[in-house]
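I am opening this notebook to record what I looked up in the structure, chain by chain and then residue by residue. The entries follow the order in which I went through the topics.

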Amino acid sequence: MTQHPALTEELTVSVRGVPGVAFLKPGITDSLRSILRQSGRNGRVTPSPAGLKVSRPGGTGPWVIEVQIVTRAGMRVLDATRATRSAVEACLAARFPTDATHITVTVTGIV
Amino acid sequence: MTTRIHPPDPTPPHEPDEEQLPCGRLLSQVWADWEEGVTDTHLPDCLHCRQAVEELDQLESAVRHLRDDVQENITVDAASLTERVMDVVRLELRPGRPLPLGEPDENMWIMESVAARTLRAAAEQVPGVRAGSCRIPPEAAHSSRLTVALDIHVPLAATDLQYLAEEVRHRVRQAAEELLGVDLVGIDIRITDLVDEPDTSAKGHGR
């Protein structure tokens, strides 16, 4: 469960909008259990994508963002991955312009 | 910059994504034990483990039901569907090794199994060729220089194996550059069998 829900949600939307990205890596456990996960807010189910992890060790260090994506076959994997990294960088720069970041993007599938 | 600053650990004790049940056991291990018939005194008494096993049963039932529906209603390769579902499950639990993508300081990766699938499919575009094992070890730790080691089966009737291997090498290099965006420094093709007739039944799996 993420400790930074607002940033996680913003990054999730941002990455999902990247051309060439089919979706964030769905954990199979999430797929099985998604219906059981209620956010408690208006009864809305909150997906917790296995493909996005946001952390900030110590609370003051660099933001550590780990993204795992499945790309679309119609676009070169490298380009989609690079665009994903840029989208995450832009999102973080807008929210935390002075904070250091450490971003990892991994492709776990092509569809 | 020539070194990566934070490569994913290729051999973590368990995948960070792996779910640990409240009782302390890994979900993947609970599932594996159940499938292999391993029993102990913990499972019957643990609510979390029993729920996990029930969910796996539900998934298997759903797949079986879907397969039965397909068999009854339309002519789709049900075995292939099951195989693809199990591929997803296997990849989830054992994703393999990450390979570097792009420049070292970009910290981008692609799982070896994903890249290998694309390269196998490219090799199988050469008529009569079936791809087998495909390994892509980096030349050195954290290096972006990749070499592919690909095993193939070719038709017994092929008259020029060198030419055939070059054709496969060309397709693989093209796919690596145009589909993945990876520059390969070497493509080692090993012909492991000559087959009487091209087996088209398994072609296109790209696995």
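**Entry 1: surface and conventions.** For accessible areas I rely on the Shrake-Rupley method with a 1.4 Å probe, and for residues only the protein chains shown count as cover. With that in hand, I find about 5,600 Å² of accessible surface on chain A, 57% of it belonging to carbon and sulfur atoms. For chain B the accessible surface comes to about 11,900 Å², with 51% belonging to carbon and sulfur atoms.

I note that this is a predicted model, in which local features need pLDDT of at least 70 and side-chain atom pairs count only at pLDDT 80 or more, while totals for chains, interfaces and linings use all residues. Residues are numbered from 1 along each chain as its sequence is written, chains are lettered from A and ligands numbered from 1 in the order in which they are written, and side-chain values use heavy atoms, with hydrogens and water left out.

**Entry 2: confidence.** I looked next at pLDDT, the predictor's confidence in each residue, from 0 to 100. Chain A averages 84, and 77% of its residues score at least 70. Among the elements of chain A, the lowest mean pLDDT is 56, in helix H2 (residues 28–33), and the highest is 97, in helix H3 (residues 77–95). Over residues 34–46 of chain A the pLDDT stays under 50, and for this stretch the model has 13 contacts (heavy atoms within 4.5 Å) beyond four places in sequence.

The mean pLDDT of chain B is 78, with 68% of the residues reaching 70 or more. Residues 9–14 of chain B have a pLDDT below 50, and the stretch has 3 contacts in the model beyond near neighbours in sequence. Residues 202–207 of chain B also stay under 50, with 17 contacts beyond four places in sequence. I keep in mind that where pLDDT is low, the predicted coordinates should not be read in detail.

**Entry 3: chain architecture.** In chain A I count 3 helices and 4 strands, which follow the pattern α-β-α-β-β-α-β along the sequence. Of the 111 residues of chain A, 41% count as buried (under 20% relative accessible area, with exposed meaning over 50% and partly exposed in between; 1.4 Å probe, protein chains only). Among the contacts in chain A between residues at least 6 apart in sequence, 68% join residues at least 24 apart.

Chain B has 6 helices and 5 strands, in the order α-α-α-α-β-β-α-β-β-α-β. Of the 207 residues of chain B, 39% count as buried. In chain B, residues 24 or more positions apart account for 54% of the contacts with a separation of 6 or more.

**Entry 4: residues in contact with the other chain.** Which residues does Thr106(A) contact, leaving aside its neighbours within four places in sequence? I find Val67(A), Gln68(A) and Ile69(A) in chain A, and Trp109(B) and Met111(B) in chain B. Thr106(A) is found in strand S4 (residues 101–110) of chain A, and it counts as buried because its relative accessibility is 6%.

On the chain B side I looked up Thr118(B), which has its place in helix H5 (residues 112–123) of chain B. Not counting residues up to four places away in sequence, Thr118(B) touches Ile110(A), Leu179(B) and Leu180(B). At 15% relative accessibility, Thr118(B) is therefore counted as buried.

**Entry 5: two further residues of chain B.** Asn107(B) has a positive phi of about 55° although it is not a glycine. I place Asn107(B) in the loop between S1 and strand S2 (108–111) of chain B, and its relative accessible area of 1% is why it counts as buried.

Pro98(B) lies in strand S1 (residues 98–101) of chain B and, at 12% relative accessibility, is counted as buried. From C-alpha to C-alpha, Pro98(B) and Ala115(B) are 9.7 Å apart in space and 17 residues apart in sequence.

**Entry 6: cavity.** On a 1 Å grid over the protein atoms alone, a cavity is a set of points where a 1.4 Å probe fits but cannot get out, and lining residues have an atom within 4 Å of a point. Grid points are joined across faces, edges and corners, and the volume is the space filled by probe spheres set on the points. By this rule I find 1 cavity of 30 Å³ or more, and the largest cavity has a volume of about 40 Å³. Its lining includes Leu99(B), Ile110(B), Ala115(B), Leu119(B) and Leu180(B). By class, the lining has 9 nonpolar residues, no polar and no charged ones, where Ala, Val, Leu, Ile, Met, Phe, Trp, Tyr, Cys and Pro count as nonpolar, Asp, Glu, Lys and Arg as charged, and the others, Gly among them, as polar.

Methods. 1 Å grid on protein atoms, 1.4 Å probe; cavity = no way out; pocket = protein on both sides within 12 Å on 5 of 7 lines; lining within 4 Å. Helix = DSSP H or I, 4+ residues; strand = E, 2+ residues; numbered from the N terminus.
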